[in-house]
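Here is a short briefing to read alongside the model. Keep the viewer open and follow the topics one by one.

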Amino acid sequence: MNITRYTTDFALNLTTIERRQYALIAAWVLAMIALPILKWTFGTDIIPTAVTFALMIQFSAVLYISINAWGLKSALFTFLLVAIITWSIEGLGSSTGFPFGGYDYTPVLQPKVAGVPLLIPLAWFMMLPSSWAVAHVLLGKHRNRVYSPALYALVSALAITAWDLFLDPQMVAWGFWIWDEPGAYFGIPLANYAGWLLTGIIVTVLVRPDKRDLPIVPLITIYAVVWFLQSFGQAIFWGQTGPALVGSIGMGILLFSALFKLRQEANNA
């Protein structure tokens, strides 16, 4: 296959809106690639600023994709709903230990509201739509097949929790938050992942993305890029081979199952 020709044909067939979407995704990828370079150049103190910058670009890409798919009002309402729910659960978690286990945010991520960094709800939103897209594909929602909302919420929650197999060990290593007691998963309590599952289910049940027409390709692209960057970057550049391997398997099973199903459907179309 001629990769250059395939890439050129793909770009030429994109609409203006789609080109902007993928331009934002490309900018986010470049920001993520720059992270270890900035760390080597300026030291570890640059990490919070660089992570915030990359997060904001990914969030902007997901929000822009959502606006184009659902309209401005619906996309903003969805974001606000996700932000309020996740901020509330994170606030409950950091103050009581439920549902994630006992932890505290350090002063590194600023600004905070009631002890929760404002970046945290944005981080939930920048990955939840991609997790919904994975559930759409795996359950056939984008083909109008009927599955229970509970099953859809569970698969969506599994998809975003798989991301945290990478995320939490890395964020703790960077000093973004600390756990009261070290846990069994590379220092992370297993209760944390039960909390992620519960949060993912609650948000999905309340937002009901299973009733919407999700833009599958750009959202699955984001999920795939996160898997790739975390799998290789976390092992090679950040020295966390264990979380990189487990996260790669966990997130990869869902990702490649979705990609395989998309390929099957394309071949049968």
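With 269 residues, a compact globule would have a radius of gyration near 18 Å, and the chain agrees with this at 18 Å (taken over C-alpha atoms; the globule rule is 2.2 Å times the number of residues to the power 0.38). This is a predicted model: local features need pLDDT of at least 70, side-chain atom pairs count only at pLDDT 80 or more, and totals for chains, interfaces and linings use all residues. Residues are numbered from 1 along each chain as its sequence is written, and side-chain values use heavy atoms, with hydrogens and water left out.

**Overall build**

- Along the principal axes, the C-alpha atoms fill a box of roughly 55 × 45 × 35 Å.
- The chain has nine helices and four strands, where helices (H or I, at least four residues) and strands (E, at least two) are DSSP runs numbered from the N terminus.
- Their order along the sequence is α-α-α-α-β-β-β-α-α-β-α-α-α.
- Of the 269 residues, 49% are buried (buried means under 20% relative accessible area, exposed over 50%, partly exposed in between; 1.4 Å probe, protein chains only).
- Among contacts between residues at least 6 apart in sequence, 75% join residues at least 24 apart; a contact means heavy atoms within 4.5 Å.

**Helix α4**

- Helix α4 (residues 72-96) has 25 residues and should span 36 Å at 1.5 Å a residue, which agrees with the 36 Å between its end C-alpha atoms; the expected span is 1.5 Å times one less than the number of residues.
- Its buried residues, among them Ala75, Phe79, Val82, Ile85 and Ile89, pack against α3 (47-70), β1 (103-105), β3 (116-117), α5 (119-139) and α7 (191-207).
- Just after α4, Gly97 takes a positive phi of about 90 degrees.

**Aromatic rings**

- There are 17 aromatic pairs in the structure: rings of Phe, Tyr and Trp (its six-membered ring) pair if their centres lie within 6.5 Å, with planes under 30 degrees apart counting as stacked, over 60 as edge-to-face and the rest as tilted.
- Phe79 and Phe125 make an edge-to-face pair, 5.3 Å centre to centre with 75 degrees between the planes.
- That pair links distant parts of the chain, since Phe79 is in helix α4 and Phe125 in helix α5, 46 residues apart.
- Phe79 is buried at 14% relative accessible area, and Phe125 is buried at 0%.
- Phe100, Tyr103, Tyr105, Trp177 and Trp179 are linked into a cluster by ring pairs.
- The charged end of Arg212 sits over the ring of Trp70, 4.5 Å from its centre (NZ of Lys or CZ of Arg within 6 Å of the ring centre and within 35 degrees of the ring normal).

**Backbone points to check**

- Most residues other than glycine have a negative phi, and most peptide bonds are trans.
- A cis peptide bond with omega of about 10 degrees joins Phe98 and Pro99, and Pro99 lies in the loop between α4 and β1.
- Gln110 and Pro111 are also joined by a cis peptide bond, with omega of about 0 degrees.
- Ala114 has a positive phi near 55 degrees and is exposed, with a relative accessible area of 63%.
- Arg208 has a positive phi of about 55 degrees and is partly exposed at 25%.
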